[in-house]
Amino acid sequence: MNLESIVKAVNDGMIPPAIYSDEEIFRLERERIFGRSWMYLAHESEIPEPGDYVVRRIVEDSFIVVRDEHGEVRVLANVCLHRGMQVCRAELGNASHFRCPYHAWTYKNTGELVGLPFHEDAFGGDANLSRKEMALMPAPRLAIHRGLIFASLDENAPPLEEHMGGFDYFLDFYVNQSEAGVEVRGPQRWIVDANWKIGAENFSGDSYHTPHTHASVVEIGLFREPKANKRKEGALYFAGGGGGTSYKLPERDFAANLAYVGYPPEMIERMRARWTTAQRALISDGPFMVSAATLVPNLSLVHNWPVVNAEGQVVPFISIRLWQPISATRTEVISWFAVDKLAPAWFKELSYKSYLMCFGSSGMFEQDDVENFTSLTAVAKGQFAQRILLNGRMGLARDGSFLHEPIADWPGPGRAFTGYGEYNQREVLRRWGEWMLDTGGSGSNGSAR
Ligand code: FES
Ligand SMILES: [Fe+2]
């Protein structure tokens, strides 16, 4: 199949398995998606002090995400300008300078080259090779939203706000619960033999898998809800660059519903003050509570509220995760625990426990999910399997119309449905198709322009 027919099939909700296994398709994704879109790298709370840094990557490209000596966040290519050695070999730390391990060219944490051994003898001094003109290459674009640090390799990428669109309304429920924002712990990292899109799609809208794949966590009483059939009452929403799942809440009162998922009164009051009337309406009028979500292409979020002790106490947690591709069939999962900075100490502790029980490298949900993700990827390599078009048309009638009407009085931006349906996964893949067919000609945001 050529790319046009693959995208056409995907837009009809019929998915060629090769999009989850083909290296040629991945090569194009690398250039047309990861080379252009806004890529999440780190959270500001990971680098609170001048000199703090973490090393992250966009596919193969390694970057130092550093708070420089003036307090400014920078994203610098981890590539020595001399012969291309990685100048920073540690995963995180604090440094005023980065010295290349190969021949010791030394860069300030602003990126500026300040040390060049035998400068006079080897390069004829500043007259011949000026240190001032040399600096670690910055990512073409950098944007910080609510402490989330994003970069784009495309200097013509549309502004992050435009890319995010109405999704920022939903993002606030995870990372903007008070004026202080969140702090993160981790990340935990592990590698799965799965295509990166599978997790991104699943988190965006697969409430259909919960009753079956995660039946055991319901059986052991980890949740007050869902009962296996509860998920279909939640809303599946998509707005701007992202979409997600939610649960239907029992009451039509803002504070009562936040207390129901385990937030203490002081946090609820901060949320009330922090969120707009329209945002509060999701919880009081919907009433819905956000759960898993994805901002395209590969950033996901989780919010859930398991029972954490024998007394039946429910404590919510938030997690941020990146589906960082390695190849068509391998993905590094990078998973952070996030909690409001102003949350009381007991809450932070129990919320962390609640995250670790569910997600992270040993989380029960994680273990349930990953076997599906790896198996689907392995199957998608088969030459015979590739004759099939996978059916991703849940929620659509034969003629392409919706089986359920969108929610009429949806309080948030974008579009939302209740009932089972693959509305969001189709939307994630529709955007994938747009990027993939955008060859970078005029009118696009392609880097080839
Ligand atoms: S490669 Fe870095 S100093 Fe030579
Ligand atoms: Fe799952």
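Modeller: Let's look at strand 16, which is covered on both faces: Leu299, Leu301 and His303 on one side are all buried, and so are Ser300, Val302 and Asn304 on the other. This is a predicted model, so local features need pLDDT of at least 70 and side-chain atom pairs count only at pLDDT 80 or more, while totals for chains, interfaces and linings use all residues. As for labels, residues are numbered from 1 along each chain as its sequence is written, while chains are lettered from A and ligands numbered from 1 in the order in which they are written.

"Buried" means that 20 or more other C-beta atoms lie within 10 Å of a residue's own; 12 or fewer makes it exposed, anything in between is partly exposed, and the C-beta atoms are placed from the backbone. Strand 16 covers residues 299-304, and because six of its six residues are buried, the rest of the structure largely encloses it. Strands here are DSSP runs of E with at least two residues, helices are runs of H or I with at least four, and both are numbered from the N terminus.

Now for the neighbours. Two strands pair if DSSP finds at least two bridges between them. Strand 15 (residues 288-295) runs antiparallel to strand 16, and three bridges join them. Across that pairing, Leu301 in strand 16 has Ala293 opposite. Getting from strand 15 to strand 16 takes a hairpin of three residues. Strand 17 (residues 317-327) is also antiparallel to strand 16, this time with six bridges. One of the pairs there is His303 with its bridge partner Ile318 in strand 17.

Let's step back to the whole chain. An automatic or database domain assignment sets the domain bounds, giving domain 1 (39-143) and domain 2 (181-436). Their centres, taken over C-alpha atoms, are 36 Å apart. Six residues from domain 1 and eight residues from domain 2 make the contact, where contact means C-beta atoms, placed from the backbone, within 7 Å of each other.

One last stop is Asn424, which sits in helix 15 (residues 423-437). Asn424 counts as buried because it has 28 C-beta neighbours inside 10 Å. Leaving out residues up to four places away in sequence, Asn424 touches Ser204, Gly205, Leu236, Phe238 and Gly243.

Terms used. Two residues are in contact if their C-beta atoms, placed from the backbone, lie within 7 Å.
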